Amino acid sequence: MTNINISYSITFPYIMFLFNRFLHSIIRFVLVSVMTIAMVLGWSAIAHSQLPSLPTAASNDPHKPPNGVTRLGMYEIASVYSPLDRSLLFEIVSPTVFNRSQPPDGSLPVEVRAEEITQRLMRALNRTNKAKQTPLVSIAILNQDLILQLSDDQTTRPLRLVTVTEPDADYHGKNREELAQEWQKILQAEVERINRLFSHQVLWQRIGQALQISIGLVLGSVVLWLLRQTLIRKQTALQVRHEEQIAAVKQGVVKRAEAETSTTIHTIDTSEKKTDADTAHQRSQFLDTIRRQFSLKHQLGIYSLLTWLLFWAFILMWYIGIAVIMYRVPYLMRWSTDALARPLALLIIWFFITLVIRIGKILIDRLTDVWTTHSSLPLSETQRIALRAATVAGALKGLITFVLITFGILDFLKIFNVPTSSILAGGAVIGIAISLGSQSLIKDLVNGCLILMEDQFAVGDVIEIADKSGLVENLNLRVTQLRNSEGKLITIPNSNIMNVSNLTRLWSRVDFSIVVAYENDPKQVLEILKQVCKQLYSEVEWRDRLPESPQVLGIDDLSHTGMSVRVWIKTAPMEQWSVGREFRLRVRQAFEANNIQMNAN
C-alpha cells in the first residue's frame, strides 16, 4: 500500500505538469489559427448592398481614373467579376468622365456601372440558389436598349442584368447583337455553375472535403509542434553540454596556472622558455574556447533556423489549407481571390525580411569568428578583440534589423495604397530639423562609432584626454567616463575627444631615470642596476608582469647635479605602476647597500 501511495505521489504531479503544458500548447495553437483565419478573411473585399458614391474632396484626384479603371482616350474600361469567386467575366466600357467631381448630365462613370452590374449579379446568385430549375439568361429590348435578363421559376418579372451599349460593342469590335450573344453564353454558364455548386450533393461533398482538410491541418500542426519540441530539447541539451565543456576548459587552465606558479624557477633561461610556453599555452586555450563558443553559436543558429522554418511551415500549411477550403466551399468562394492578394503579399514580405535578417546575423557571426580567432596575435590582443567584437557585432545586427524592418513597413504601406513618398519626405524634414537641433549629439555618435571601430581605447584602459586622465569605466556611442586617481568620475562627450593617449594598449612601460653623483663608478652603478633588473625578472611574482627583461640603457645625461641613468621596463598593461614602485624600492636598497651616492651634494 505504501509503494502504491509513493508511486501515486510521484506520478500524479508529473502527469499534471504534462497536462498543463499540453493545454497551454493547445491554447497557443488555437490562438495562432484564429489569427491566421482572421488575417485571411479580414482583408477580403466585402460586397456592399448600395452603389458607391461619387468621389468627394477627400478622394483621390477627380481628374484621374480610380483603381480598376483603364482610360483609353474617349473610353474607360472596367471589369465585371463573378459574384461567386470574383473571377473575370467580361469588360464593360463607358465614355470617359474627365472630372468625376462634376460628371456630365446623363453620363455614368464606368466604375459605378460596373458596381451596379455586380450588385445585380449578386441578386441573380440569390435567385439561382432559391430556384428549383436552372434560371435562363435571355436577350431582350427595353427602351430600344439591348439588355440581358435573368428569368426563373420563383418570380414573374425577369431581373435585368446588363445593358449592352454602343461603346461596349465598339470597344470589343462587334455589333451589339453579337456582343449580347457572347455575354449571354458567359452569364448562362455562370448561372449553371452556381446552380451546380449549390446543389445539395455537391455542397455536402465539398463541405466534407473541407472538414478533411481541416483535420489534416490539425494533425500536421501536431506533427510540427512535436518536431519543434524535439529541436528545443536538443538545443537545450547542446547548450548545457557546451557550457560544461567551457567550464572544464577554464578550470583546467586555472589548475595548470596554479601548479606552474607554485613551481620554483632556478635559472633565467629556463624561466624564459617556461614563460613563452605558458603564453603560447594560454593563447591556445583561449582561442580554443573562442572557437568552441562560435561553434556553439553556429549549431544553435542551425537549430534556431530549423525552428523558424517549422514556424513558417505551420503558417504556410494553414494558409494553403484555408485558401483551398475557400476555393472548394461555394459560400466562401467570393473571398478566395482576395485571400491570395494582400495577406499573401504581407506574408511574403514578412518572410523575406526575417530571412535576410537571419542571414545577415549569421554572416556577422562568421566575420566575427574570423576576426577574433587570429592565432598570430598575442593573448591580450585576442582577448581585447573578443570583447570588442561582441559590441561591434551587436551594433551591426541592430542596424541591419532596423533598416530591414523600416523597408518592410514601407512595403506594407504600399500594399494598402498609402503614399510612402510623402511619409519619406516628412521623415526627411523631421530628420533635418532634429539634426539641426542636435548637432553635438550627432557628432558624439559619429565619433563614438569611430572610437569603437578604430579601437582607440576600450573599457579598462587608462587614457589621457587633454588635461584629464583616468581609467575608462564606461564607454558608449555618446560619452566616455573616466575614474581618476582621486576617485572622481569624469564624463567627456565623444565629440570633445580630439587627441587621446592610451597608456595600457597591449603593453606599458616604466621609464625609470635616476641621478647619481660623479664620485660613483659608472660601471658599478650600471652593473648594480642590471643585477636588480635580473633579480626582479627572475622572480615568479613579477615574471608574469614583465613580457621581457628590463633594459639598462646607460648614462642618459650629464649635468652639474650628477649623472642621469635610464632604465626601460616593459610591463603588461596596467602593471607599470606596481612594477615601477617595486623597482624603485629595490634600486634604493641596492644603492644603499653598495654606498652609491644619489646626487652631487
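Helices (H or I, at least four residues) and strands (E, at least two) are DSSP runs numbered from the N terminus. The model is predicted: local features need pLDDT of at least 70 and side-chain atom pairs count only at pLDDT 80 or more, whereas totals for chains, interfaces and linings use all residues. Residues are numbered from 1 along each chain as its sequence is written, and side-chain values use heavy atoms, with hydrogens and water left out.

The buried residues of α11 are Asp444, Asn447, Gly448, Ile451 and Leu452. Viewed down the axis of α11, these buried residues fall within an arc of 140 degrees, so they line one face of the helix; the arc is taken over the directions from the helix axis to the C-beta atoms. Helix α11 covers residues 439-454, and its 16 residues should span 22 Å at 1.5 Å a residue, in agreement with the 22 Å between its end C-alpha atoms. The expected span is 1.5 Å times one less than the number of residues. Asp455 follows α11 and has a positive phi, near 55 degrees.

Helix α12 (residues 522-538) contains 17 residues and reaches 24 Å from its first C-alpha to its last, close to the expected 24 Å at 1.5 Å a residue. Val525, Ile528, Leu529, Val532, Cys533, Leu536 and Tyr537 are buried in α12. Down the axis of α12, the buried residues fall within an arc of 165 degrees, so one face of the helix is lined by them. Lys523 and Lys534, on the other side of α12, are exposed.

Ile349 belongs to helix α8 (residues 342-372) and counts as buried at 16% relative accessibility. The C-alpha atoms of Ile349 and Asp411 are separated by 7.6 Å, although these residues lie 62 residues apart along the chain. Leu396 is placed in helix α9 (residues 379-415) and is partly exposed, with a relative accessible area of 39%. Together, Leu396, Leu399, Phe402, Val403 and Phe407 make a nonpolar surface patch of about 490 Å². Patches consist of residues with over 30% relative accessible area and no salt bridge, like charges being joined within 9 Å and nonpolar side chains (Val, Leu, Ile, Met, Phe, Trp, Tyr) within 5 Å. Accessible areas come from the Shrake-Rupley method with a 1.4 Å probe, and for residues only the protein chains shown count as cover.

Strands β2 (residues 75-81) and β3 (residues 88-95) pair in the antiparallel sense over seven bridges; pairing requires that DSSP finds at least two bridges between two strands. Ile77 has Val93 in β3 as its bridge partner. Six residues separate β2 from β3 in a hairpin, and Arg86 in the turn has a positive phi of about 60 degrees.

Strand β9 (residues 479-483) has four of its five residues buried, so it is largely enclosed by the rest of the structure. Strand β8 (residues 468-475) pairs with β9 in the antiparallel sense over four bridges, and Leu475 stands opposite Thr480 in β9. The hairpin joining β8 to β9 runs through three residues. Strand β10 (residues 489-493) also pairs with β9 in the antiparallel sense, over five bridges, with Pro493 in β10 as the bridge partner of Val479. The hairpin of β9 and β10 has five residues between the strands, including Gly487 in the turn with a positive phi of about 85 degrees.

The whole structure contains 17 salt bridges, each defined by a side-chain nitrogen of Lys or Arg within 4 Å of a carboxyl oxygen of Asp or Glu. One of them joins Arg100 and Glu76 at 2.6 Å, N to O. Arg100 lies in the loop between β3 and α2 (110-130) and Glu76 in strand β2, so the pair ties together parts 24 residues apart in sequence. Arg100 is buried at a relative accessible area of 1%, and Glu76 is buried at 0%. Another salt bridge joins Arg193 and Asp85 (3.2 Å, N to O). Arg193 lies in helix α4 (residues 176-197) and Asp85 in the loop between β2 and β3, so this pair ties together parts 108 residues apart in sequence. Arg193 is partly exposed at 22% relative accessibility, whereas Asp85 is buried at 14%.

How values were computed:
Buried < 20%, exposed > 50% of the residue type's maximum accessible area, 1.4 Å probe, protein only.
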